[in-house]
Amino acid sequence: MIERIIIVDNIDPVVFYGVNNSNMHLIRNLFPKLRITARGSVIKVIGEECETAEFEKKIKELAEHCERFNRLTEEAILDIIKGQAPAELKRDGVIIYGINGKPIQGRTPNQEKLVETFTNNDLTFALGPAGTGKTYIAIALAVRALKNREVRKIILSRPAVEAGEKLGFLPGDMRDKIDPYLQPLYDALEDMIPAVKLKEYMDTKVIQIAPLAFMRGRTLNDAVIVLDEAQNTTTHQIKMFLTRLGMNAKMIITGDVTQIDLPRTTKSGLIHALDVLKGVEGVGRVDFSKKDIVRHHLVQRIVEAYERHDKLEKEAEEKAGADEQQG
């Protein structure tokens, strides 16, 4: 009789062991000759050498399956232990599998183009109106790179620029004041990574979410870096951020140039950077349109209504200016 210790540390134990340890009960029933105990990320097994070796092999296969699909069903356990390929749904173009095995993939041609552009470039700009999935797909690409061990960390950032509210009047300490600006990034991550694993990544700084101002002075190596809402950066801020790019790193910049919250006299760093970097090798760009909006169908109509309103306002201002000149 020998004892083997197996570590399954790249998965969420709650997902792997199942509700009320249902998955472990099934696994124990499938290996009746072995004494199996599990706690946290450590599984101990006692039995004959050949049987414990087979058990370790199957547990590692189950862990790989769980890590990839973010779920472990009874059917998958039975298939893997019997040596059959799990009957999971095969989908082309899946970036990653989110919570409960939800496939996350490009749902529009431009979302698919963003996946391709990210693959082929170290710096990618994703531009377009709200609801087109720019940020969501960007974070999914970052999570995929982390899961595939292509990078060691994910850095997510946003400028803390008020949209009609003042940062100083929010309650709490500095983190409490800043977190509301970063919440959309947390929301996307919570869709893709089990809660226990996400907390571990955050605690160990494998995933870092910070305001843009916190990036100064850093060199970001072995990482996917995402800057969201980049239209609200100044020219100095975005230059500072772009020059943080280190070795074995990729960067995605997302923004909507129609929703700039900077003072009227301040030029958007995103618009400036797009002009400066036009034609630079290694820089990709994807322009989303209202046709890519994947939120509630009313969002597309809202965007169109605002576009019509802005166009009429601009025409009225131009007409008023022309009348003043003639007068």
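Guide: Lys-60 and Glu-56 both sit in helix α3, four residues apart, which is about one turn of the helix. This is a predicted model, in which local features need pLDDT of at least 70 and side-chain atom pairs count only at pLDDT 80 or more, while totals for chains, interfaces and linings use all residues. Residues are numbered from 1 along each chain as its sequence is written, and side-chain values use heavy atoms, with hydrogens and water left out.

Visitor: What makes the contact of Lys-60 and Glu-56 a salt bridge?

Guide: A salt bridge is a side-chain nitrogen of Lys or Arg within 4 Å of a carboxyl oxygen of Asp or Glu. For Lys-60 and Glu-56 the N to O distance is 3.2 Å, so the pair meets that rule.

Visitor: Why is Glu-56 called buried, and why is Lys-60 called partly exposed?

Guide: Buried means under 20% relative accessible area, exposed over 50%, and partly exposed in between (1.4 Å probe, protein chains only). Glu-56 has 17% and is therefore buried. Lys-60 has 43%, so Lys-60 is partly exposed. Elsewhere, salt bridges that share partners join Glu-54, Lys-57, Lys-58 and Glu-61 into one network.

Visitor: Which salt bridge does Arg-4 form?

Guide: Arg-4 pairs with Glu-56, and their closest N and O atoms are 3.1 Å apart. Helices (H or I, at least four residues) and strands (E, at least two) are DSSP runs, numbered from the N terminus.

Visitor: How do you know that Glu-51 and Lys-33 form a salt bridge?

Guide: Their N to O distance is 3.8 Å. Glu-51 is in helix α3 and Lys-33 in the loop between α2 and β2 (35–39), so the pair links parts that are 18 residues apart in sequence. Glu-51, at 24% relative accessibility, counts as partly exposed, whereas Lys-33 is exposed at 65%. The salt bridge count comes to 14.

Visitor: Why are α2 and α4 called roughly parallel?

Guide: Helix α2 (residues 22–30) and helix α4 (residues 74–81) pack at about 25°, with their axes 10 Å apart. Angles under 35 degrees count as roughly parallel, over 145 as roughly antiparallel, 65 to 115 as roughly perpendicular and the rest as oblique. The angle therefore makes α2 roughly parallel to α4. The axes are lines fitted to C-alpha atoms, for helices over the stretch in contact, and angles run from 0 to 180 degrees between N-to-C directions.

Visitor: How many helices and strands does the protein chain have, and what share of its residues is buried?

Guide: The protein chain has 11 helices and 11 strands. Of its 327 residues, 44% are buried. Its C-alpha atoms fill a box of roughly 100 × 45 × 40 Å along the principal axes.
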